[in-house]
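Morning, everyone. Please have a look at the model on the screen, and then we will walk through it together.

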Amino acid sequence: MARGRMLDAPTLILALALDDLVLAAALWLAIPGRHRHGVSIRSASLLLQALAFLFMWPHVGALIGHVASLLVINGAASLSVALQLAAILALARRPFARLWYVALVLGVAIVSIALADHPALRLILLSLVIAAMLALVGAQALRVGRDVTGRGARLLAGGAIGGAVVFAARALGAAVMPSRVVSVLQTPLATASILAGYAVTLAMSLGFLLVHRERQEHETERLAMTDELTGLYNRRSLFELGDKEVARARRTGASLSALLLDLDHFKRVNDKYGHLGGDAVLVRFVEVVRGCLRTSDLLARYGGEEFLVLLPDVGSAGAKVDRKSTRLNSSHITI
């Protein structure tokens with residue numbers, strides 16, 4: 001009976017290029033348009049990685065020559081990692097200077113051409129650059145995780161850091177065994193590193209998708225608890241949080257007061273200035289009231305032009321003072 005043959009590196013490379021194309025399409029289709037923070041950049045990163053894999057395939061590389069294939073492979077691979085960093089920064093709503101793209105591609109091109117006949121040194125330098133960039137991706141992913149539950153961000157960061165380890169190991173292997181770099185696609189270590197790189201790509205793509213899902217869930221929960229116009233807690237949230245404050249006051253014997261604020265003759269504002277003018281008055285009213293309250297006080301929209309303030313640890317005498325401090329006149333609000 002014939003013994004099974006292990007899948008060789010060139011075949012793996014072609015399969016991974018196809019996988020990157022599928023992952024890019026899946027990310028693009030799985031995340032809604034208005035929530036696509038960094039999705040297009042991440043998809044472009046996967047497409048560039050697929051391009052690098054295709055030109056690593058011996059049949060494609062032979063068509064354009066050794067130096068040209070090095071430029072495409074190294075340029076696409078390094079730019080792919082740079083776009084991964086840009087995608088993470090887009091998730092964090094932070095800018096990424098495009099000049100870095102140009103500087104990176106030029107640097108990689110210079111190294112690829114200058115060290116075209118020195119594969120070991122070339123692999124060491126480029127692997128260390130990519131490892132450093134992946135480490136930055138991991139660090140930025142952990143920062144993104146502070147905004148949400150962090151499971152997706154941790155998976156994304158773990159994948160990036162794992163990728164940094166893989167490329168650092170490649171640099172170390174090239175330094176220890178420089179003679180093996182020439183035949184890199186035929187060694188078992190190359191196959192193992194390619195498989196490790198695939199695991200990293202898959203983990204980062206799943207982490208990226210999970211971060212978006214967590215953010216969407218967080219946004220949905222926030223919208224369910226708050227009033228869309230003013231950003232205050234809505235009536236439903238008021239009752240839930242109010243029950244907790246009442247229970248705490250009963251348990252500890254602390255005081256708890258409530259103020260009901262109602263804008264008099266608000267219908268006249270809507271009739272004169274329209275509903276957009278009325279909305280502007282409500283928003284400005286909330287800003288003024290917030291400036292009169294403590295951070296521990298709870299302000300919610302009770303309904304329409306009615307608002308309710310809960311004052312923990314405040315008795316009736318203190319509530320009267322707070323009521324006076326929130327009294328407004330026409331000079332506070334302008335349309």
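Let me start with a question: are D227 and R301 buried or exposed? Both D227 and R301 are buried. Buried means under 20% relative accessible area, exposed means over 50%, and partly exposed is in between, with a 1.4 Å probe and protein chains only.

Before going on, some ground rules. This is a predicted model, where local features need pLDDT of at least 70, side-chain atom pairs count only at pLDDT 80 or more, and totals for chains, interfaces and linings use all residues. Residues are numbered from 1 along each chain as its sequence is written, and side-chain values use heavy atoms, with hydrogens and water left out.

Back to our pair. D227 and R301 form a salt bridge, and their closest N and O atoms are 3.1 Å apart. D227 sits in the loop between α8 (188-225) and α9 (235-252), while R301 sits in strand β2, 74 residues apart. By salt bridge I mean a side-chain nitrogen of Lys or Arg within 4 Å of a carboxyl oxygen of Asp or Glu. Side chains of opposite charge can pair when their charged atoms come close. The structure holds 8 salt bridges.

Here is another one. R248 pairs with D313, with the closest N and O atoms 3.7 Å apart. R248 is in helix α9 and D313 is in the loop between β3 and α11, so this pair ties together parts that are 65 residues apart in sequence. R248 is partly exposed, at a relative accessible area of 24%.

D313 has something else to show. Its phi is positive, about 60 degrees, although D313 is not a glycine. H265 also has a positive phi, near 55 degrees. Most residues other than glycine have a negative phi. H265 is in the loop between β1 and α10, and counts as exposed because its relative accessibility is 55%.

One more salt bridge: K267 with D271, closest N and O atoms 3.0 Å apart. Both residues lie in helix α10, 4 residues apart, about one turn of the helix. Elsewhere, salt bridges with shared partners join E245, R248 and D313 into one network.

Now, stay with α10. How far apart are its end C-alpha atoms? Helix α10 covers residues 266-290, 25 residues, yet its ends are only 20 Å apart. A straight helix would reach 36 Å at 1.5 Å a residue. That expected span is 1.5 Å times one less than the number of residues. There is also a kink of about 125 degrees, centred on Y273. The bend is the angle between axes fitted to the seven residues ending there and the seven starting there.

What does α10 pack against? Its buried residues pack against β1 (256-262), β2 (298-303) and β3 (306-312). Among these buried residues are F266, V269, G277 and L282. Contact here means heavy atoms within 4.5 Å.

Finally, the whole chain. It has 11 helices and 3 strands. Helices (H or I, at least four residues) and strands (E, at least two) are DSSP runs, numbered from the N terminus. Buried residues make up 41% of the 335 residues. Of the contacts with a separation of 6 or more, 71% join residues 24 or more positions apart.

That is my tour. Over to you.
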